[in-house]
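Here is a short note for a colleague who is reading this structure for the first time. Please keep the sequence and the structure side by side while going through the points.

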Amino acid sequence: MPLAFTENPAPGERLGVWRVEELHDVTPQELTAAAKIGHPAKKAQWLGARRCARQVLDLSDDDRIIYDAVGRPVLSSGLWRLSFTHTRQFAAFIAARSGEIGLDAELMNPQRDVATGSYFMNDAEWAHLQQSAAPHDWFYLVWCVKECL
């Protein structure tokens, strides 16, 4: 079973992580939407995150994932606000019954040039990175938080 992890991080929230190994039980609407994704691995990750949400939230084929006016995913019934992420062999989602929710996963690469943080960090974040004993940890923490917003 590709479901790797599930949790209820807080009341009214669900989190699921899917190992992108096999894809089955995806809806025709999801297959149609995924058809525009050219890279096979990205397509599998995109479908895996949605399959994970369907399983963990126990959704029917009639429950559709749609996007609000600013492009955030929501369940068509309005019961859940959603966020999706993927990296390499994992895809994940988080859902909340109320409020905004965000999720990001990144493969931490110790060879990554953390100087690229100057492009997205504010002055205080950048100064902290330059003085940090663990600059890669700080880099990925700030990156993931900003991706969630």
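1. Is arginine 72 buried, partly exposed or exposed, judged by its relative accessibility? Arginine 72 counts as partly exposed, because its relative accessibility is 38%, and exposed would require over 50% whereas buried would require under 20%. Please bear in mind, here and in every point below, that this is a predicted model.

2. The side chain of arginine 72 meets that of aspartate 68 in a salt bridge, with 3.0 Å from N to O. Aspartate 68 is likewise described as partly exposed, with a relative accessible area of 22%.

3. Another salt bridge is formed by glutamate 125 and lysine 146, whose closest N and O atoms are 3.0 Å apart. This pair links distant parts of the chain, since glutamate 125 belongs to helix α3 and lysine 146 to helix α4, 21 residues apart. Glutamate 125 is buried at a relative accessible area of 18%, while lysine 146 is partly exposed at 31%. Salt bridges with shared partners also join Asp68, Arg72, Arg81 and Glu100 into one network.

4. How many salt bridges does the structure hold? There are seven, and one of them is formed by glutamate 30 and arginine 54, with the closest N and O atoms 2.8 Å apart. Because glutamate 30 lies in helix α1 (residues 28-34) and arginine 54 in helix α2, the pair ties together parts that are 24 residues apart in sequence. It is worth checking on the model that both glutamate 30 and arginine 54 are buried.

5. The largest nonpolar core has 17 residues, and those that touch the most other members are Leu57, Trp80, Leu82, Phe84, Phe93 and Ala95. Two or more residues of this core come from each of α2 (40-56), β5 (81-87) and β6 (90-96), and the largest share, five residues, is given by α2. In soluble globular proteins, nonpolar side chains tend to be buried together.

6. Which residues is leucine 57 in contact with, once its neighbours within four places in sequence are left aside? They are Arg14, Trp80, Leu82, Phe93 and Ala95.

7. Turning to the strands, β1 (residues 3-7) and β2 (residues 13-19) pair in the antiparallel sense over four bridges, with threonine 6 standing opposite glycine 16 in β2. The two strands β1 and β2 form a hairpin with five residues between them, and glycine 12 in the turn has a positive phi of about 80 degrees. Strand β2 is also joined to β6, in an antiparallel arrangement, by seven bridges, and alanine 92 in β6 is the bridge partner of valine 17.

8. Finally, where does aspartate 62 lie? Aspartate 62 is found in the loop between α2 and β3 (65-67), and aspartate 62 counts as exposed because its relative accessibility is 68%. The C-alpha atoms of aspartate 62 and threonine 27 are separated by 9.1 Å, although these residues are 35 residues apart along the chain.

Definitions and conventions:
Residues numbered from 1 in each chain as written. Predicted model: local features only at pLDDT ≥ 70, side-chain atom pairs only at ≥ 80, totals over all residues. Heavy atoms only, no water. Core = buried A, V, L, I, M, F, W, Y, C linked by side-chain atoms within 4.5 Å. Buried < 20%, exposed > 50% of the residue type's maximum accessible area, 1.4 Å probe, protein only. Contact = heavy atoms within 4.5 Å. Pairing = 2+ DSSP bridges. Salt bridge = Lys/Arg side-chain N within 4 Å of Asp/Glu carboxyl O.
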